[in-house]
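Visitor: I am new to this structure. Please show me how to read its features, one at a time.

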Amino acid sequence: MIFDSRDERCKRPYGAAPCSTVVSLTLRPPVWEDFSQCTMVATAEFSGARLELPLENKGMEGDRQIFSGACHLPLRPDLVWYCFRFRRENGEIRWLGRNGLCGEGEAVCWQQTVYDDACPTPDWFGRGVTYQIFPDRFRRTCVPDPAGMLGYRTVHQDWEELMDYLPDERGEIRNCDFFGGNLAGIEEKLDYLQSLGVSTLYLCPIFEADSNHRYNTGDYDKIDPMLGTESDFRRLCAKARERGIRVMLDGVFNHTGNNSRYFNAYDAYPSLGAAQSWESPYISWYTFREWPVSYESWWGIHTLPAVNENDPGYINFIVEGKDSVIRRWLRAGADAWRLDVADELPDEFIAGIRRAMMEEKPDSFLLGEVWEDGSNKIAYDRRRKYLLGRETHGLMNYPFRVSALEYLRGGDAAAFREAMETIRENYPRSAFYSGMNMLGTHDTPRVLTMLGTCPKEAPATRTERAHYRMSPEERDKGSRLLQAGAVLLYAFPGSPTVFYGDEAGMEGWEDPFNRGTYPWGREDPVLQRRFALLGRLRRERRSLQTGDLRWLHAQGPVLAFARDGEGETTVAAVNAGPEAVRLDLPWSAPLAVDALTEQRFLASDGVVRLTLPPRDAVLLI
């Protein structure tokens, strides 16, 4: 080992660092390489600055040659890509990158994230549990009458009916069938959410729209009448806050619906929309190729005309105005915004939202939907700046979901550890601890289905997938793995996020089959108890909220790690395999208790010896 960017003997401080930080570097090549000089070669992504920093030859340490030095990070947020150039006494050059010693032009650079820490991230989000609700499908207090509401809507009279899932004559899924879930129904179940330990309630879009998912906004200033009124929203936020629960809204700002107040393709609103006249105050929001029938849209979907986020009028309406969309709904009771398709929003637009939120409600939280490593993401040929201190506070941690499911479905725990260590190294600590960790969302198949049916492929046709129900054996396997996976989810840094009904045993393939109605009265009691217990432990144990992460074991089906903080330690150990496994874990106290079962283990010589049952987990305290 010549250099390991995650080892403090080689690099301090660990991982991402604030602007102007001095980073200490130490390299230890073997003496037989005969290196006499070492130079750090670095390039800053956004400023383009290049640095060549000679490191001091400190002499030998055993069979290693020691080179060390200090690098001053840039004054402004940036990504610094660096590697090392060695020179031998005979003049020969060798390079060192993440891929080891190599020739010129072959080194894979390390990443150093440099961020602005002037505006701290509110820590309440990452400490607690998030619950995601698809409002139409969670709870209704009455069967609504859609007469007079925007668009063509049908309402299922039976809460347990199958949703519409076949495409229309144009090959599109219109999503115009509703079940009538509403804000009053969510308010009715706040005590239930509190019993799950929920501290953040993330609502998929609630503004007026003619689809059940409401990602095609019709009016940003109006709650969809099937959900309720602004007064209902304000009351929901107030009642939630009484229970220690904050509300996060879904901000869909890359596109609107074509059946919206702003585009108004079907004359649904009295205002003059962009599709009706060039005199419309909204005409500059959209880009027409052939007015009014051909225009830029999200992924070519004609019902979702894309907006120009650089248009001054649009920026004023959404972000900067005194009564902008961002500001007025924070004043109405929201505490956070989640940015839909953040990849498609300009960096400055996102930064403007954060500035407006800080001015309106300094403790509010901004989350971005990003599916990859957000520290170095390239979207539309541009390197993004989500986590450099001026844009989002945190991101949806889809890398956690992907890696966790791969592990739980038969993968190697070492791969999960490596994926998470990459994120931990690249993200500012506050962003890592403010990630939205999840096993499933409204955009992914139900986690129980993913775990229970593995390795079987999904049925081929939509009709087969719509009517598919797991066998008792598949449900048992899925339930066991989900209970184990929930321990991983709740014990890991970041906010453990539950998609409504996962804790009740809901199953289903992709959208719309993952968006069924909540099975009130038919919940899986075993899963529900596990999630409620983990929610209570997350709320009570400070080590699970903010504790440092320490890996104990990651090999094959077994994963174990500790969370250390504020005078306590919690250890999670998961066995995703089909066979029982023996595991020894370091333990400094004389006794360890599994918080899930209350089973007690005596420590001997600083070690707790466990037998982990198949597809199970322990949480030692």
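Guide: Start with a cut-off. Buried means under 20% relative accessible area, exposed means over 50%, and partly exposed lies in between. Lys377 has 10% relative accessibility, so Lys377 counts as buried. Keep in mind that this is a predicted model.

Visitor: Which residue meets Lys377 in a salt bridge?

Guide: The partner is Glu372, with 2.7 Å from N to O. Glu372 sits at 38% relative accessibility and therefore counts as partly exposed.

Visitor: How many salt bridges does the structure hold?

Guide: There are 57. One of them links Glu188 and Arg139, whose closest N and O atoms are 2.6 Å apart.

Visitor: Why does the pair of Glu188 and Arg139 tie parts of the chain together?

Guide: Look at where each residue lies. Glu188 belongs to helix H2, residues 183-188, while Arg139 is in the loop between strand S11 (129-133) and strand S12 (154-155). The pair therefore ties together parts that are 49 residues apart in sequence.

Visitor: Is Glu188 buried, exposed or partly exposed? And what about Arg139?

Guide: Glu188 has 43% relative accessibility, so Glu188 counts as partly exposed. Arg139 has 21%, so Arg139 also counts as partly exposed.

Visitor: What does the pair of Asp511 and Arg515 look like?

Guide: Their side chains meet in a salt bridge at 3.5 Å, N to O. Asp511, at 32% relative accessibility, counts as partly exposed. Arg515, at 5%, counts as buried.

Visitor: Which residues do salt bridges with shared partners join into one network?

Guide: Asp323, Arg327, Arg331, Glu359 and Glu360.

Visitor: Now the strands. How do strands of a sheet pair?

Guide: They pair through backbone hydrogen bonds, either parallel or antiparallel. Here, eight strands close into a barrel, and the pairing is parallel. The order is S11-S14-S17-S20-S21-S24-S25-S26. On average, neighbouring strands of this sheet are turned by 30 degrees against each other, direction ignored.

Visitor: How many bridges join S24 to S25?

Guide: Two bridges do. S24 covers residues 394-397, S25 covers residues 436-438, and the two run parallel.

Visitor: Which residue in S25 stands opposite Met396?

Guide: Met436 does.

Visitor: Which strands does helix H8 touch?

Guide: Helix H8, residues 398-408, packs on the sheet and touches S24 and S25. The direction of H8 makes about 25 degrees with that of S24.

Terms used
Residues numbered from 1 in each chain as written. Predicted model: local features only at pLDDT ≥ 70, side-chain atom pairs only at ≥ 80, totals over all residues. Heavy atoms only, no water. Pairing = 2+ DSSP bridges. Helix = DSSP H or I, 4+ residues; strand = E, 2+ residues; numbered from the N terminus. Axes fitted to C-alpha atoms, helices over the stretch in contact; angles between N-to-C directions. Contact = heavy atoms within 4.5 Å. Salt bridge = Lys/Arg side-chain N within 4 Å of Asp/Glu carboxyl O. Buried < 20%, exposed > 50% of the residue type's maximum accessible area, 1.4 Å probe, protein only.
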